[in-house]
Amino acid sequence: MKTQSAARIQSLFPVLLASLLVLGTAQLVFDSLKSGRSYVFQFYGKPEKQRKSVFVLPEDRMDDSCNLFEGQWVWDNVSYPLYKENSCPYLVKQTTCLKNGRPDSFYQNWRWQPNACKLPRFDPLKLLDILRDKRLMFIGDSVQRAQFESMVCLVQSVIPKGKKSFQRIPPRKIFKAKEYNASIEYYWAPFIVESNSDHATNHTVLKRLVNLDSISKHGKSWEGVDVLVFESYVWWMYRPQINATYGSVDNVEEYNVTTAYRIALETWANWLESNINPHLQRVFFMSMSPTHLWSWEWKPGSNDNCFNESYPIQGSYWGTGSNLAIMDIIRDILQELKINVTFLNITQLSEYRKDAHTTVFGERRGRLLTKEQRADPKNFADCIHWCLPGVPDTWNEILFAYLLQSYQNFL
């Protein structure tokens, strides 16, 4: 009997020994993983630690009946600007007006206040949580690029050093928040459809040519993006007519700009209906960014532009640079779409901001203005682009409010 028990114990000994070895090895592996010194991390890289989710409360959201686009600019030098120009390394020289010599910073201290409700204050952590495992892409011209840079500056300060990255892969710029596996991107497409001005940096051409029914080249980069924000206006308004093709690329004709714009947006709308999953993706369209090229429009009898303006326009105002026919075309196309596109009508609120353009404190064809050019604002002031921080931050506050409205908390 004793012999049998001894034999049984002896037979179990290798099993017990193997079990102890497995447990010991598992403990060693666990400890090395916990400490971060594992060869697995050395070989494959250490996984990014995910930030905890931010809970969005009902009071964080705007009221469903709220019209964010009607209101007034209120002086607020306590809570604005939302970031400092010198704290954001991702701004291009075209927008850094203070660094480029602008003597005043009043344009940074105005807050947009809707008439009948409150615009939710921008919260970078909430936005990053909304974008967790997602991509947000801004598509358009240099005005849209400023909105992209604004959004990056609004969120980047809450992301630790080493947890964010910025890449330039023309025609894209990509900012990544690694802890959230989220990206904020920009794609250069000044006409939305394809054109001979699609090169990300070398797009100044003598004769602009737009391919009104071609969009697939751009569309490949938009496929699967979770949030798409489109804009296209200024590049269309260079002249009343524009050279374009429809069908054969060899058949170049001169189109009235409004006719060409409508055809281009129809091409865009067809692409959306064929490629967007409305259950998984959101699409926004920004209305035109206004220009302030002629001071007689807000100051009768004068003959200047937006240079040396320090305060917003008070009272009712709509500049001739904002084409109402284009607004009607956008409205018609969006109404006919079979999928939902949210129209962010930022034109009127931006019309008041004659004070916020880069004027002579920006770039012209990739270079800062010379001393002689700055002394001639009548010919060299830029009354199209905006200083940052500035008006595009408000556009992003509004975009954030809409994203917040549809965000679902997951416990």
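Predicted model: local features only at pLDDT ≥ 70, side-chain atom pairs only at ≥ 80, totals over all residues.
Local features need pLDDT of at least 70, side-chain atom pairs count only at pLDDT 80 or more, and totals for chains, interfaces and linings use all residues. Residues are numbered from 1 along each chain as its sequence is written, and side-chain values use heavy atoms, with hydrogens and water left out.

The protein chain has 11 helices and 17 strands (DSSP runs numbered from the N terminus: H or I of at least four residues for helices, E of at least two for strands). Of its 411 residues, 49% are buried, meaning under 20% relative accessible area with a 1.4 Å probe, protein chains only.

The largest pocket has a volume of about 1700 Å³. A pocket is an open set of points on a 1 Å grid over the protein atoms alone, with protein on both sides within 12 Å along at least five of seven lines; lining residues have an atom within 4 Å of a point. Volume here is the space filled by probe spheres set on the points, which are joined across faces, edges and corners. The pocket is lined by 45 residues, and Gln-94, Ser-142, Trp-235, Arg-365 and His-385 lie nearest its centre. Strand 17 contributes the most to this lining, with 4 residues. By class, the lining has 22 nonpolar, 12 polar and 11 charged residues (Ala, Val, Leu, Ile, Met, Phe, Trp, Tyr, Cys and Pro are nonpolar, Asp, Glu, Lys and Arg charged, and the others, Gly among them, polar).

Helix 4 also packs against helix 11 (residues 391-406): their axes come within 9 Å and cross at roughly 70 degrees. Axes are lines fitted to C-alpha atoms, for helices over the stretch in contact, and angles run from 0 to 180 degrees between N-to-C directions. The two helices are therefore roughly perpendicular, the term for 65 to 115 degrees. Residues in contact (heavy atoms within 4.5 Å) include Val-143 and Gln-147 of helix 4 and Asp-393 and Trp-395 of helix 11.

The largest holds about 80 Å³, and Asp-393 is among the residues closest to its centre. Helix 11 gives the most to its lining, with 4 residues.

Note on methods. 1 Å grid on protein atoms, 1.4 Å probe; cavity = no way out; pocket = protein on both sides within 12 Å on 5 of 7 lines; lining within 4 Å. Parallel < 35°, antiparallel > 145°, perpendicular 65-115°, else oblique. Buried < 20%, exposed > 50% of the residue type's maximum accessible area, 1.4 Å probe, protein only.
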